[in-house]
Structures are given as C-alpha cells and as structure tokens.
Amino acid sequence: MPIRAQRSGRRRRGFTIIEVIVIITILGIIAAVVVPRLFGRIGQGRQGAAKSSANNIAQAVELYRIDMEGLPDGDSLDFLIEPPSAGADKWQGPYLNSVDDLIDPWGNPYVLRAPGEKNFDYDVVSYGKDGEPGGDGEDADVAAP
C-alpha cells in the first residue's frame, strides 16, 4: 500500500503535457486578439502627443514672430533655440527648453511650413511615422496651430 500512495503523489505534482498545450494555446489566442488592439492605441497616443507638441511649438513660433517682426526663411525650427545672426538684440529666446522639443514622437523633426496650408501664416508640421507628407493612420500629417 505505501508504494501506491507514493506513486499517486508523484503523478499529482506537475501538469500533464496536454494541460500545458491547452494553456499555451489559450495564451496564444489571447495574445493574437489583444496585441493588435494595443498597437493601434499606441499609434493614436503618438498622434495626440504630436498634435500637443506641435501646438506648443506653434505658440513659441508666434512669440518669435512678434519679437522679431517676422519669420526666417526655410523650414527648420532651430531659430526657436539659437539666436539669429541678424537682429539678435530683438531675440527673446530660447523659446523652447531644448532641441529635443523640436523632435516628434517618431524621432523626426517638426517642420515650419510658411505660408501654411492649414493656416494663413504658417503651420508647424509633423509628417507622422513615415516622415513623408500625406499618409493615413500613424503616417498621417499633424499640423498646428
């Protein structure tokens, strides 16, 4: 009798291979359903962050435009961080905390589009995840103000 008790105790200590396969299958199904939905939410979050940052940069551009009585040529926004060579006495910057503030959530630089397409004077634009004009979803352009 004691031998049987020891054998049955040993059998109950772990999972059978079938139980392990069932658990792995269930976890795989859950991952297949949940993970794609999470990636869509991450993209939406980055679009929202890009819009918010573009609005902050647009406010800084407006302050610069008032101080300097105009905007420089080109599409770079570096003038918000570093003083211009001409008219440095009017410059009241830096208008942003760091150069990192000029980078969108996907690692691409924000661009100044003057005259603007969305607004008359200028747009501050992030070209989205792909870094190219146009696109849908996470690749869509974000413009402010």
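Of the 145 residues of the protein, 25% count as buried, a class that takes in residues under 20% relative accessible area, with exposed meaning over 50% and partly exposed the range in between (1.4 Å probe, protein chains only). The structure is a predicted model, in which local features need pLDDT of at least 70 and side-chain atom pairs count only at pLDDT 80 or more, whereas totals for chains, interfaces and linings use all residues. Residues are numbered from 1 along each chain as its sequence is written, and side-chain values use heavy atoms, with hydrogens and water left out. The accessible surface of the protein comes to about 10000 Å², of which carbon and sulfur atoms hold 57%; accessible areas come from the Shrake-Rupley method with a 1.4 Å probe, and for residues only the protein chains shown count as cover.

The average pLDDT of the protein is 80, and 88% of the residues score at least 70, where pLDDT is the predictor's confidence in each residue, from 0 to 100. Confidence is lowest in helix α1 (residues 2–11), with a mean of 53, and highest in β2, at 89. Where pLDDT is low, the predicted coordinates should not be read in detail.

The protein contains 2 helices and 3 strands, which follow one another along the sequence in the pattern α-α-β-β-β; helices (H or I, at least four residues) and strands (E, at least two) are DSSP runs, numbered from the N terminus. Among contacts in the protein with a separation of 6 or more, 40% are accounted for by residues 24 or more positions apart, contact meaning heavy atoms within 4.5 Å.

The strands form an open sheet of 3 strands in the order β1-β2-β3, with antiparallel pairing, two strands being taken as paired if DSSP finds at least two bridges between them. Because β1 (111–113) and β3 (142–144) stand at the edges, each with a single partner strand, one side of each is left without a neighbour in the sheet. From one strand to the next the twist averages 30°, with axes fitted as lines to C-alpha atoms (for helices over the stretch in contact) and angles running from 0 to 180 degrees between N-to-C directions. Strands β1 and β2 pair in the antiparallel sense over 3 bridges, and Val 111 stands opposite Val 125 in β2. The antiparallel pairing of β2 (residues 123–126) with β3 likewise runs over 3 bridges; in β3, Ala 143 is the bridge partner of Val 125, and Ala 144 that of Val 124.

Strand β2 is covered on both faces, with Asp 123 and Val 125 on one side and Val 124 and Ser 126 on the other, all of them buried. Ser 126, located in strand β2, has a relative accessibility of 0% and therefore counts as buried. Apart from residues up to four places away in sequence, Ser 126 touches Ala 50, Asp 104, Trp 106, Tyr 110, Ala 140, Asp 141 and Val 142.

The largest nonpolar core has 23 residues, of which Ile 57, Val 61, Leu 77, Leu 80 and Val 124 touch the most other members; such a core is a set of buried Ala, Val, Leu, Ile, Met, Phe, Trp, Tyr and Cys residues joined through side-chain atoms within 4.5 Å. At least two residues of this core are supplied by each of α2 (17–68) and β3, and the largest share, 8 residues, comes from α2. Leu 77 touches Ile 57, Val 61, Leu 102, Tyr 110, Val 111, Leu 112 and Val 124, when residues up to four places away in sequence are not counted.

Several local features lie in the loops. In the loop between β1 and β2, where Pro 115 is placed, a cis peptide bond joins Ala 114 and Pro 115, with omega of about -5°. Asn 119 is found in the loop between β1 and β2 and, with 23% relative accessibility, counts as partly exposed. Leaving aside its neighbours within four places in sequence, Asn 119 is in contact with Ala 144 and Pro 145, while Asn 119 and Ala 143, 24 residues apart in sequence, are 9.1 Å apart in space, C-alpha to C-alpha. In the loop between α2 and β1, Glu 69 has a positive phi of about 60° although it is not a glycine, and Glu 69 is exposed, with a relative accessible area of 64%.
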